[in-house]
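Please examine the sequence and the structure shown below.

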Amino acid sequence: MKQGTVLTRAVMLLLFAAVCAYFAVAAWQSFHQSEYTMATYAYTVDDAVEATGLLVRQEEVILSGQAAAIVDVIPDQGEKVNAGGTVAYLYRDEAALERKRELRTLELEREQLIYSLQRGDTGWDNARLDQSIVDAMVGLKTSAAYGDLTGLEDQVLSFKSLVIRRGASSAGGAADIQPKVEEIDAQHAALQAAAGQDTTPIRVDKSGSFSAVADGYEALLTPDMLSTLTVSDLTALLVRKPEAPEGAVGKLITSSTWYFTAALPVKTAERLVEGRSVKVRFSRDWSGEVSMTIERVGEEEDGKCPVVLSSSRSLADTSLLRKQTVDIIFSSTTGIRVPKKAVRDGLVTSTDPETQAEVTTRVIGVYVLTGAQSEFKQVEILADDGDFYLVRASLPDNPTELQIKKAFRAGDEVIVSSEEIYDGKVILAPR
């Protein structure tokens, strides 16, 4: 064997041993690291319980009274409707629906012609109309690109309105516009007469908020029943699967107050006091938090009590909800979330204002990495959250600007573990 070959192999073995030693030392350091840090952040802990129950409202089902091939609902979900207002149209066939669209287009065109007739020619208005037309075109293109068809019909009508208004502004004076108005009136009258044979409007005789969905609970559970509702009644209602009456086109919510009722364990129900308020958080079919009044805490039955909560807010947002699982929040605590291992005892030296003597006190705090040194910051524990504490900075009654500036706050990096830690210790090991 040549001497060069032996030497090469020896060098390779030495390099391999060096690499193995390097990785071994790195692994040992990672497992025996004496300090490591964790960034902190603001956090809220809720004292809450989960409850499954039903939303109750004063509701009246709106019936069509006849069979129809097409139902066109007019109001949006939760929209206010006045007494005598039209909530839907029933069309016998597609031809009737198309005729209704023609009527709406004619009404729109007439409105814009009258507007132009009353306004007269104004160059500045025309320039603004041109820009509005361009904006409407961009809006239509954007909706089509994203597949958003929810407001397509309104967008198209708005675009047509702008085009008609722009055309009317260039149509000349009253002598040119008036005949067009009369022609539209004649066409509208003819279509209206034909529509009377196959189009039926559905009107309401009361004012209220409209909901397009009737689920059958409207007659099974009303606000008047809540004062005597028992746990057994509520359990039976929760498992039922009612169906909406035949011919229902929606319902009218005739009161602004709505209710949530559920059966809660006795210990939970005892924490509720009638007349007081509690927060209720929805997170399933609708995300929101509502402050509700505790109306009733009923008699115990099988370890549970029926509870009734009420609110006059967010009616439109909750008008589609019926069976819901919510969180009833008794209180919320907001602070800074830190690992329990980071909370330690420390010594703080202060000057007695009366004797001017220095006093050393043992306090609770955390060590924060400031630059390359550890810094002790006093905290107050607000809540226990398993492996974490919720804390806040502990400050004197009249803190100085420097004390406020150096106080513990969200975003500080706390030192979670150390064999030996003290205020001012230099942290040189990699984190």
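Which side chain meets that of R281 in a salt bridge of 2.9 Å, N to O? The partner is D46, where a salt bridge is a side-chain nitrogen of Lys or Arg within 4 Å of a carboxyl oxygen of Asp or Glu. Helices (H or I, at least four residues) and strands (E, at least two) are DSSP runs, numbered from the N terminus.

The model is a predicted one, in which local features need pLDDT of at least 70 and side-chain atom pairs count only at pLDDT 80 or more, while totals for chains, interfaces and linings use all residues. Residues are numbered from 1 along each chain as its sequence is written, and side-chain values use heavy atoms, with hydrogens and water left out.

R281 counts as partly exposed at 27% relative accessibility, as does D46 at 28%; the term covers values between buried (under 20% relative accessible area) and exposed (over 50%), with a 1.4 Å probe and protein chains only. R281 also forms a salt bridge with E289, the closest N and O atoms being 2.9 Å apart. E289 is partly exposed, with a relative accessible area of 40%.

In total, the structure holds 17 salt bridges. One of them joins E380 and R392 (3.2 Å, N to O). E380 lies in strand 17 and R392 in strand 18 (residues 388-393), 12 residues apart. Salt bridges that share partners also join R57, E59, D215, E218, K251 and R322 into one network.

The largest pocket holds about 590 Å³ of space. A pocket is an open set of points on a 1 Å grid over the protein atoms alone, where a 1.4 Å probe fits, with protein on both sides within 12 Å along at least five of seven lines; lining residues have an atom within 4 Å of a point. The volume is the space filled by probe spheres set on the points, which are joined across faces, edges and corners. Of its 19 lining residues, V348, F376, K377, Q378 and Q403 are the closest to the centre. Strand 15 (343-351), strand 17 (373-385) and helix 9 (401-406) each supply at least two lining residues, and strand 15 gives the most, with five.

Finally, V11 is located in helix 1 (residues 3-31) and is partly exposed, with a relative accessible area of 42%.
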